[in-house]
Amino acid sequence: MKKYQFIILALGIIFLISLLISRTVETTKSIQPNKVALIPIYGTITVSSESDLFFGQSQAPSSVIIEALDKADKDPTIKAIILEINSPGGTVVASREIGNKIKSINKPVVSWIRELGASGAYWIASTSDYIIADPMSITGSIGVIGSYLEFSDLFEKYGVTYQRLVGGNLKDAGTPYKDLTNEERQFLQEKIDKIHDSFIKEVSINRKLDYEKVKKLSNGAFYLGEEALDFGLIDELGSKDEAVNKVKELANIKDAELVSFKKETSILDVIQKLTSYNSFYIGRGIGFSLFQGFKQENSYSNILKIA
Amino acid sequence: MPKKAKKEESKKASILKRTLAYIIDNLIIGIIVIYPFQNYLNKINKEIKITDIFTSNLTSDLYIIFLTIAILSLMYFSLFEYYLKQTIGKMILKIKVISIKKEFSFLQALLRNISKVIDILLIIDIIYLLLSKEKERLFGKLSYTRVIEK
């Protein structure tokens, strides 16, 4: 065999083998069992992932959940999504962000409420195609909290006074250092009512329920799973098995392999958190000494929670 | 005898030429071996990025792909060196492989190229090459082969 004949033949054979195996892998992949993404929503729903790693409450940052939803949506092997909810709610924006993401997904999404799926967590559940909850779970709680502690009397007792320096009457509405004026109270209540109304509308549209009916249920009360079923706030009582069966039915698949999208905490995460905490505390110490006395406590944006 | 040794020494291919030949061969391997998997690798590329955060079930496919790429790459180096004493990269750089003991066998070709497809062996090979006086790879020495100027 001539040199060039050998080169062409060898390269051709190697290329063909590679092509054959690549096609086989792709075909095998396409006949693999259907997958269902299991995305947990545990703890308080927040926009940021800042949390006390060792002692703090567990959090469900919207960015992490949206990333998981996005991944599940783009993965062609994942046919449907189950949201495993165990959350008391969280901030308005974070809940809305997650809800909007769920609405944009073209795959069946089933919410499975375990112990707790209240307020913001219920908002999220309402955007899914089907809600399953345990009969004794706590759900609903369609309301908004803007309450906060006010220390002005305590400060007065200790001779501490709040020197009010603002540009704009409502700039420090919600500060814990002084009593709310009527104007401020009305202003904050209006915002809370607006968010509440938006929450009611959202649930009404998502659950295809009459607005007035949802409004009647939305006094902030929580409902047990079986009560929520009677009110139409959920679709079925059950547990994980029922959620899996329902998702298979909606996705029209016979078998489903559950793929957990739980975020793993690696040693690198721990180190990163510790480093960022150190920086934060150093920065906070400097910031405190420089600005604390002049800080504008425009706190109402921080205290509105649908929890 | 010292004269003969000196003559053979002068025929040895330089590290630069051997490296360039290796780079050219890898480009060819990229086209004929890795390219057919490109579609699939692109598809799962995003998933691999997120596997740092989330669990995924792609490992078995990746094992098959990496094993295939490794075996076919080894075949490329070994077949060319066994039949032609040169890979395409070596042909371009005008260098070739010889056996310093007996007739060049396929087993020798396999042994001298095994490190090119197993990362850890390649690192050992490179360290040995840089530290050895003869400027030879460990697996070149173990297989009783040498790369010389043509």
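User: Which residues touch the most other members of the largest nonpolar core?

Analyst: Keep in mind that this is a predicted model. The largest nonpolar core holds 51 residues. Those that touch the most other members are I39(A), I41(A), I81(A), I82(A), L83(A) and A121(A).

User: What is L83(A) in contact with, leaving aside its neighbours within four places in sequence?

Analyst: Let's set those sequence neighbours aside, as you say. The contacts of L83(A) then include W112(A), A125(A) and S128(A).

User: Are α2(A) and α3(A) roughly parallel or roughly antiparallel?

Analyst: The axes of α2 (62-74) and α3 (92-104) of chain A come within 9 Å and cross at roughly 5°. Angles under 35 degrees count as roughly parallel. So α2(A) and α3(A) are roughly parallel.

User: Which residues of α3(A) does α2(A) meet?

Analyst: From α2(A) come S62(A), I65(A), I66(A) and L69(A). By class, this contact has 6 nonpolar, 1 polar and 2 charged residues. On the α3(A) side sit A94(A), E97(A), I98(A), K101(A) and I102(A).

User: Which element gives the most to the side of chain A that touches chain B?

Analyst: Here 23 residues of chain A are in contact with 24 of chain B. The elements giving two or more residues on the chain A side are α1, α2 and β10. The one that gives the most, with 15 residues, is α1(A).

Notes: Residues are numbered from 1 along each chain as its sequence is written. Chains are lettered from A and ligands numbered from 1 in the order in which they are written. This is a predicted model: local features need pLDDT of at least 70, side-chain atom pairs count only at pLDDT 80 or more; totals for chains, interfaces and linings use all residues. Axes are lines fitted to C-alpha atoms, for helices over the stretch in contact, and angles run from 0 to 180 degrees between N-to-C directions. Helices (H or I, at least four residues) and strands (E, at least two) are DSSP runs, numbered from the N terminus. Angles under 35 degrees count as roughly parallel, over 145 as roughly antiparallel, 65 to 115 as roughly perpendicular and the rest as oblique. Two residues are in contact if their C-beta atoms, placed from the backbone, lie within 7 Å. Ala, Val, Leu, Ile, Met, Phe, Trp, Tyr, Cys and Pro count as nonpolar, Asp, Glu, Lys and Arg as charged, and the others, Gly among them, as polar. A nonpolar core is a set of buried Ala, Val, Leu, Ile, Met, Phe, Trp, Tyr and Cys residues joined through C-beta atoms within 7 Å. A residue is buried if 20 or more other C-beta atoms lie within 10 Å of its own, exposed if 12 or fewer, and partly exposed in between; C-beta atoms are placed from the backbone.
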